[in-house]
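Thanks for coming. I have one structure to go through today, and I will keep it short.

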Amino acid sequence: MNYNEALNFILKKQSLGIKPGLSRIKALLNVMGNPQDKIKIIHVAGTNGKGTVAKTIADALFLNGFKVGLFTSPWIVDYREQIQLNGEYISKKAFAEYVSTYADNDCTEFEMLTAIMYKYFADNSVDYAVIECGMGGAGDATNVEKENLAVITSISLDHTDFLGTSVEEIAAEKSGILRKDCTCVLYPNKGLEQIFEKKCKKLVCVDEQGSIAANNLATVNAALNELGFAPVESLSLIPARLERLNGVLLDGGHNPSAAQTLAPVINNEVAVIGMMRDKNVESYLSIIAPKCKRIIAVTPANSRAMSAAELAKIALKYCSDVQVCESPTEAIGNNPEVTLICGSFYLIREIRNLIK
């Protein structure tokens, strides 16, 4: 396979959807020689902030002279950005070779991508692999290693169809990445400490810092301290997470907690907003829409997307000037006054290059 063939092959697996259980990826990893057991893993789970925390930890380790693998999702710029070695995407040639070699499997897209990531990092003898959970913890495809340093970021309600309908249930699912002999670094998730404490050897609880960004940074530094490294002064930047590009703020966060992170840095915005219908759209818009002088509701190119008309109807409760434009690209092209694009990573992926 060449790269495009390999990419098409793995993307077709999206039709399999999300399947419970780890049997498929464990079978594939076994064929690969269980590469996940040959590398040091820092496993990051949580509802919000886990991508930023993972990237910041990886960058800090790289600056300390180590060979570092980083696995994050979803992708925004390039599918390969999900698998990085020392800040560089996996090459198209390597990606194609791994897909071609291990094409005979019944894994979902994310399971196969995860297995390839572990094999790639092991083949390159990384000193550390910083792994972001895709969703949840116990049942996530990344949850296959024997040992790790576990890092848990902010926990709130999201993916309730899969993870539970209460914060406690979701925390219990996230705690599934803990190993009985591991250390767990826990973001200031007040009232949830006991859920994690009983599943690990050592629990490091981060003190409340006063803001979400400060809490994320403190969580990073607590993890670095456990590894024996000096603290860093700032969080790393990643696409579509409070990313400012040519005067437009891009944020793919899609739940109320993400909205609470975004809200303090916006005011009087002209916003393009598109969301998935399985998200808590009402709660998200109740936080973001009042800080917008005009909202252009759009329909992202995804089968799970909420229609622009339906989103606009909800947004009108919180903002008096709401327009409907089905096409995100038309919304951007026809409105040079746009200062904010938010509500979905799929939306950002679709139109980020137009802003750039």
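**A buried glutamate, a sheet and a helix**

Glutamate 145 is buried, with a relative accessible area of 3%; the cut-off for buried is under 20%. Bear in mind that this is a predicted model.

Where in the chain does glutamate 145 lie? It is in the loop between strand E5, residues 128-132, and strand E6, residues 149-152. Its side chain makes a polar contact of 2.6 Å with the side chain of histidine 43. Another polar contact, also listed at 2.6 Å, joins the side chains of glutamate 145 and asparagine 148. Setting aside neighbours within four places in sequence, the residues in contact with glutamate 145 are Gln36, Asp37, Ile41, His43, Tyr118, Ile177 and Arg179.

Next, the sheet. Eight strands form an open sheet with mixed pairing, in the order E4-E3-E2-E5-E1-E6-E7-E8. Strand E4, 88-89, and strand E8, 202-205, stand at the edges with a single partner strand each, so one side of each has no neighbour in the sheet. At the E8 end, strand E7, residues 183-186, runs parallel to E8 and is joined to it by four bridges. Leucine 186 has cysteine 205 in E8 as its bridge partner.

Last, helix H12, residues 308-315. Its buried residues are Ala308, Leu311, Ala312, Ile314 and Ala315. Viewed down the axis of H12, these fall within an arc of 160°, so they line one face of the helix.

Notes. Residues are numbered from 1 along each chain as its sequence is written. This is a predicted model: local features need pLDDT of at least 70, side-chain atom pairs count only at pLDDT 80 or more; totals for chains, interfaces and linings use all residues. Side-chain values use heavy atoms; hydrogens and water are left out. Buried means under 20% relative accessible area, exposed over 50%, partly exposed in between (1.4 Å probe, protein chains only). Helices (H or I, at least four residues) and strands (E, at least two) are DSSP runs, numbered from the N terminus. The arc is that of the directions from the helix axis to the C-beta atoms. A polar contact is a pair of N or O atoms within 3.5 Å; within protein, one must be able to donate a hydrogen and the other to accept it, and residues adjacent in sequence count only if both atoms are side-chain atoms. Contact means heavy atoms within 4.5 Å. Two strands pair if DSSP finds at least two bridges between them.
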